[in-house]
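User: I have a chain open here that is new to me. Can you walk me through it, starting wherever you like?

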Amino acid sequence: MVKSMTGFGRCEVSEGDRKMTVEMKSVNHRYLDVNIKMPKKLNFFESAVRSLLKTYLQRGKVDLFITYEDLSETKGVLRYNRELAAEYLNYLKQMSEEFCLESAIDAAALSRYPEVLVMEETRDDEEELWKLLKEALEGACRQMVETRSKEGENLKRDLTAKLDEMLEHVAFIEERAPQIVAEYRGRLKEKVEELLQDAQIEESRLATEVTIFADKICVDEELVRLRSHMEHTRAVLNEKDSVGRKLDFIAQEMNREANTILSKANDLEVSNRAIELKTGIEKVREQIQNIE
């Protein structure tokens, strides 16, 4: 199935007081280039996130945005640093003795000293956190693949229509080529007769000149290869794997054959059709740049 490299996916997963949201969008790129923006506490999963994306996407520049919310009341735990409190008390006693000061320190006052009481954030269970993130990622990826597939079908229809138009030009050139040789033979014969007037024309010499001309303008091989490339393109459009690079290579080969046909063209109608062919191939190449 042909897929576009342009797509969008979003998925939101909630479990209790926790919510994970994943949004992703993609545009054309030669390779798979992923840019991830997520909370620091999820950085541990970056490698796993990239590995998961590769199972759904092969090419494209992907921007991935992950947000995580924890609305539970027990976000942190209060910790009492007994050793540090003892140090504070010890130094306060020394100060009161050295400077003859009254010591009126109590527990409430001591608790306000730095780092005596610390609120530590509780750590989420990594396995449960990854389960939530994975579910959201897979949901967003499935939606992106769906949007890419729909756009890919549109691209496939457009490319098929362009191939049909190009085949019409090929058929015209195939039909016109023998006529060009016949017309040249007629013109050459008239010219020779005019120059020689009533003299006898050597048919063998005339046939030789026509043969040389026919060889110079013959595009049979190019037309056969061009048709083959077009049929190959149709076949590739029905393959299931990533086909963008393969189609781009075939389009380059089609363009090479069209260039040769145009260079050999010795007829205005054939030249015009060859130019139309090149224009059609260029349009095909532009569309192929959107295919994964």
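Analyst: Let me start with helix 7. Its buried residues are Gly244, Leu247, Asp248, Ile250, Ala251, Glu253, Met254, Asn255, Glu257, Ala258 and Ile261. Keep in mind that this is a predicted model.

User: How many residues does helix 7 have, and how far does it reach?

Analyst: Helix 7 has 21 residues, and from its first C-alpha to its last it reaches 31 Å. That is close to the 30 Å expected at 1.5 Å a residue.

User: OK, step back a bit. How many helices and strands does the protein chain have?

Analyst: There are eight helices and six strands in the protein chain. Read from the N terminus, the order is β-β-β-α-β-β-α-α-β-α-α-α-α-α.

User: What share of the residues is buried?

Analyst: Of the 292 residues in the protein chain, 36% are buried. As for contacts with a separation of 6 or more, 80% are between residues 24 or more positions apart.

User: Now the strands. Which sense do strand 1 and strand 2 pair in?

Analyst: Antiparallel: strand 1 (residues 7-15) and strand 2 (residues 18-27) pair over nine bridges. Val13, for one, has Met20 in strand 2 as its bridge partner. The hairpin of these strands has two residues between them, and Gly16 takes a positive phi near 65° there.

User: Where does a positive phi turn up in a residue that is not a glycine?

Analyst: At Glu115, which has a positive phi of about 70°. Glu115 sits in the loop between helix 3 (107-111) and strand 6 (117-121).

User: Back to pairing. How many bridges join strand 2 to strand 4?

Analyst: 10 bridges, and strand 2 and strand 4 run antiparallel. Ser26 is opposite Val62 in strand 4.

User: And strand 3 with strand 4, parallel or antiparallel?

Analyst: Parallel. Strand 3 (residues 32-37) and strand 4 (residues 60-70) share six bridges. Ile36 has Leu64 in strand 4 as its bridge partner.

User: What do strand 3, helix 1 and strand 4 make?

Analyst: A left-handed β-α-β unit, with helix 1 covering residues 46-54.

User: Let's change topic to the largest nonpolar core. Which residues touch the most other members?

Analyst: Met166 and Met230, in a core of 29 residues. The elements giving two or more residues to this core are helix 4, helix 6, helix 7 (244-264) and helix 8 (268-288). Helix 4 provides the largest share, eight residues.

User: What does Met166 touch, leaving out residues up to four places away in sequence?

Analyst: With those left out, Met166 touches Met230, Met254, Leu277, Gly280, Ile281 and Val284. There is also a second, separate core of 27 residues, and Ile36, Met38, Phe45 and Val49 are among them.

User: Which residues of helix 6 are buried?

Analyst: In helix 6, Glu222, Leu223, Leu226, His229, Met230, Thr233 and Val236 are buried. Because they cover an arc of only 150° around the axis, they lie on the same side of helix 6. Glu221 and Val224, on the other side, are exposed.

User: What span should helix 6 have?

Analyst: With 17 residues (220-236) at 1.5 Å a residue, helix 6 should span 24 Å. Its end C-alpha atoms are 24 Å apart, so the two agree.

User: Next, Lys162. Buried or exposed?

Analyst: Lys162 has 17% relative accessibility, so it counts as buried. The cut-off for buried is under 20%. Lys162 is in helix 4 (residues 126-196), and it touches Lys283 and Val284, not counting residues up to four places away in sequence.

User: Last one: where is Ala265?

Analyst: Ala265 is in the loop between helix 7 and helix 8. Not counting residues up to four places away in sequence, Ala265 touches Val270 and Ser271. The C-alpha atoms of Ala265 and Cys218 are separated by 8.8 Å, with the residues 47 apart along the chain.

How values were computed:
Residues numbered from 1 in each chain as written. Predicted model: local features only at pLDDT ≥ 70, side-chain atom pairs only at ≥ 80, totals over all residues. Heavy atoms only, no water. Helix = DSSP H or I, 4+ residues; strand = E, 2+ residues; numbered from the N terminus. Buried < 20%, exposed > 50% of the residue type's maximum accessible area, 1.4 Å probe, protein only. Contact = heavy atoms within 4.5 Å. Expected span 1.5 Å × (residues − 1). Arc of directions from axis to C-beta. Core = buried A, V, L, I, M, F, W, Y, C linked by side-chain atoms within 4.5 Å. Pairing = 2+ DSSP bridges. Right-handed = clockwise from strand over helix to strand, strands pointing away.
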